Structure formats: C-alpha cells, structure tokens
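Dear colleague,

I am handing over the structure below, and my notes on what was found in it follow directly after.

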Amino acid sequence: MKIYSTFQKAFFLTSLILSLLFFYTLYDKIASQDFRQLGIIASVYGVSMFIAGLFWGYLDRARNSRKDIGFTFHVFTYLNVNFSSIFWMFIFLDFRMQNVLYAILHLIIWGFFLWLHYQYSKRSIKGYHQQEIF
C-alpha cells in the first residue's frame with residue numbers, strides 16, 4: 001500500500017470500521033426481528049460513509065494532482081463493504097446457496113459500476129475529457 005496516501009489509508013480503515021459496525025448492527029436487528037430501525041441505521045451508515053469520503057478526500061493532497069483519487073476511494077469502499085457483508089453473511093447467517101448467490105450478484109453489479117468508473121477515469125483527467133482540454 002505504498003502507492004496510497006496516508007489519507008487514503010485512513011479512509012480505508014474508517015470505511016472498514018463503519019462497514020463492520022453497520023453489518024453487525026444490521027444482522028443483530030434482523031436476528032432479533034426488530035425491523036423498525038433498519039432504515040435509520042442504513043441512512044446513518046450511508047451518510048457516515050459519504051462524510052468520511054468527503055473528509056479524507058478533502059484532506060488528501062493528491063486531489064490537486066491529475067489522477068482521479070475518487071476511483072481509489074470507490075475501490076476501497078467496494079472492498080470494505082463487500083468484505084464486511086460477506087463476512088457477516090457467512091458467519092452469522094447460515095451458509096446457504098441463496099446467500100452465496102446474493103453475494104455474487106452484489107459483487108457483479110457493483111463491480112460493473114466500478115469498472116465503468118475505471119473506464120471513465122482512464123479516459124479523462126480529473127473529470128475533463130481530452131477534447132475539452134486540448
């Protein structure tokens with residue numbers, strides 16, 4: 001992880017902790033069949049991840065460079081959320097084929113959008129198309 005800045009590493013740890021806390025709380029509420037607060041928990045998690053990305057991304061000096069650090073934050077979010085989800089799914093829920101298919105479907109769909117983000121990042125310099133610059 002030498003190629004990543006300190007702030008990107010801090011975001012990685014922050015998003016990993018937030019994801020593990022979210023999925024622990026989510027599966028705890030599902031196991032106890034208390035569905036009333038799931039929307040609030042998911043909203044707090046989403047807002048917390050967004051604020052963490054804004055905070056660590058704003059502090060990162062690499063945002064002034066030509067490379068798209070948003071893609072790096074997107075990859076870290078993809079890895080942390082999916083790792084946490086699969087971890088809690090297989091540890092606390094039964095290892096069933098339905099869970100495996102759900103995990104694979106989630107990885108494929110989000111992976112497709114990650115690939116699109118990569119293609120867009122590769123073709124542009126900080127969001128500007130080459131035709132607009134030259």
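Leaving aside neighbours within four places in sequence, Val-81 is in contact with Ser-19, Phe-23, Tyr-45, Met-49 and Trp-110, where contact means heavy atoms within 4.5 Å. Please bear in mind that this is a predicted model, in which local features need pLDDT of at least 70 and side-chain atom pairs count only at pLDDT 80 or more, while totals for chains, interfaces and linings use all residues. Residues are numbered from 1 along each chain as its sequence is written, and side-chain values use heavy atoms, with hydrogens and water left out.

Val-81 is also, with Phe-22, Phe-23, Leu-26, Tyr-27 and Tyr-45, among the residues that touch the most other members of the largest nonpolar core, which has 16 residues; such a core is a set of buried Ala, Val, Leu, Ile, Met, Phe, Trp, Tyr and Cys residues joined through side-chain atoms within 4.5 Å, and buried means under 20% relative accessible area, exposed over 50% and partly exposed in between, with a 1.4 Å probe and protein chains only. A second, separate core of seven residues includes Ala-52, Trp-56, Ile-69 and Phe-76.

Turning to charged side chains, the structure holds two salt bridges, each defined as a side-chain nitrogen of Lys or Arg within 4 Å of a carboxyl oxygen of Asp or Glu. Asp-34 pairs with Lys-29 at 3.6 Å between the closest N and O atoms, and with Arg-36 at 3.1 Å, N to O, so that Lys-29, Asp-34 and Arg-36 are linked in a network. Asp-34 is buried at 15% relative accessibility and Lys-29 is buried at 18%, whereas Arg-36 is exposed at 71%.

Best regards
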